[in-house]
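Let's take a walk through a protein model together. Have a look at the picture first, and then we'll go through it piece by piece.

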Amino acid sequence: MNTHNTYDTIVIGGGPAGSTVATLVAEQGHRVLLLEREAEPKFKIGESLIPATYWTFKRLGMLEKLRTSHFPQKYSVQFYSRSGKASTPFYFFQTNPHESAITWQVLRSEFDEMLLDNAKEKGVEIRKGLGVREVLFEGDTATGVVTQGIDGTRETLNATVIADSTGQRSLIGKQLNLNTIEPNLKMASLFTHYEGGYRDEGIDEGATLILHTEEKDSWFWSIPLPYNRTSIGVVGELDYLLQRRRDADGKLNAQKIFTEELAKCAPLQQRLKGAKQLLPIQTTKDFSYRASRIAGNNWVLVGDAFGFLDPVYSTGLFLALKSGEMAADVIIEAFDKNDFSETQLGSFGPEFVKGMEAFRKLVYAFYTKEFSFARFLSEYPEHQGGIVDILSGDVFRKDVTHIFPAMAEMCPLPPEVPLN
Ligand SMILES: Cc1cc2nc3c(=O)[nH]c(=O)nc-3n(C[C@H](O)[C@H](O)[C@H](O)COP(=O)(O)OP(=O)(O)OC[C@H]3O[C@@H](n4cnc5c(N)ncnc54)[C@H](O)[C@@H]3O)c2cc1C
């Protein structure tokens, strides 16, 4: 086993969170190594961006690359009720007359690769096909990682800071047993890509659609992608969507369940008339969870490695990018001050969690059967702007909390969960 001690920062995982933290730290002249276990770009779910990602893309130098990409532009999100009635689209430019109100729908295999290429251009050393088995600690201080290559060779690499951006693998979270699952948000999803299908016209062509099924037991996303593809997925409670639907022999027939749910969503069925399903149905548990700490001595958690929130508002990529940016800032400051303590590296935690909490409250509202945005806004039209701000991801730039007292009148909102 080889041992090296040459890096300022090792970033584990080459998703959007990892690329962001790595790029911004390397740009300041620090020696950064990013380790990604996959050797080649792969299909990934999580394809819809929200507008507030603009500001991180700007810092990363990614805006021009996205503007000239073939990713469909997204101006809005639109909700369909269980009776099939469409809300008016929530256009992000309603509260933000700036180009940042327009965002993109991305094919993850291409998008993640663009971010990695950008990281490499900005000086990050990237090793693909190299997974991390374990983060090494001396006492409570992270000191390095043990990697394992495709041929099984192990290597120890040391660094001053270890950034865990392993997504839902949540390497450090699992190693230190930090994660707590949100008991009310134990969801599952089934998804695939279609070719063809109906798209609205003009600026609505790239919209995300969120469509309830007729009993409101599940909901579908419809996300337009390049190559005339549309990502279609259904989300519901794990028990409803998967556990109770097992065949007599205990097996799950994902295609059958997906078809049954689609039959309960007339507007989506209509849009998919004549469209061709391209991939077998994939299944995932998408439990919401969060780690009790965001950092420790010489380590920090970024993106899904810290926490995951239900996919309904497409907040995952934004939170990955934003936490990548915030973590980069505290790491850069740590090198300036030569202070790699939990206090320093975790200093972005409270602000980050406050932003996450705004999304979390809106997620709870969405899953309350009696709640609907249409009813909320007809009673409180003054909060239209606040809802659009949250759907845009403006939870760090604006105070959006003013909508919650009114919302709490209509649905129970969860108490906030602070960091330890
Ligand atoms: C059903 C579903 C739908 C979703 N829809 C959306 C959406 O529409 N919009 C949105 O914004 N978000 C969505 N999300 C969430 C989004 O996919 C994630 O929040 C986002 O991918 C998080 O980025 P990340 O960089 O933290 O993690 P990831 O994108 O998961 O990247 C982690 C990387 O780490 C690598 N890795 C893991 N373990 C190791 C290891 N031990 N060593 C080395 N490398 C490792 C992985 O290969 C991977 O490349 C959805 C999620 C689900 C489950």
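**Around the ligand**

The shell around the ligand gets at least two residues from each of α1 (16-27), β2 (32-36), β8 (130-138) and α9 (316-337). Helices here are DSSP runs of H or I with at least four residues, strands are E runs of at least two, and both are numbered from the N terminus. This is a predicted model, where local features need pLDDT of at least 70, side-chain atom pairs count only at pLDDT 80 or more, and totals for chains, interfaces and linings use all residues. Residues are numbered from 1 along each chain as its sequence is written.

Which helix gives the largest share of the shell? That's α9, with four residues. Of the 36 residues around the ligand, Gly15, Gly46, Gly167, Gly303 and Gly316 come nearest (a residue is near if its C-beta atom, placed from the backbone, lies within 6 Å of the molecule).

Now for the backbone. Ser314 sits in the loop between β21 (307-308) and α9, and its phi is positive, near 55°, though Ser314 isn't a glycine. Asn177 also isn't a glycine and has a positive phi of about 55°; you'll find Asn177 in the loop between α5 (171-175) and β11 (179-181).

Are they buried or exposed? Ser314 is buried, because 23 other C-beta atoms lie within 10 Å, whereas Asn177 counts as exposed because it has 9 such neighbours. The cut-offs are 20 or more other C-beta atoms within 10 Å for buried, 12 or fewer for exposed, and partly exposed in between, with C-beta atoms placed from the backbone.
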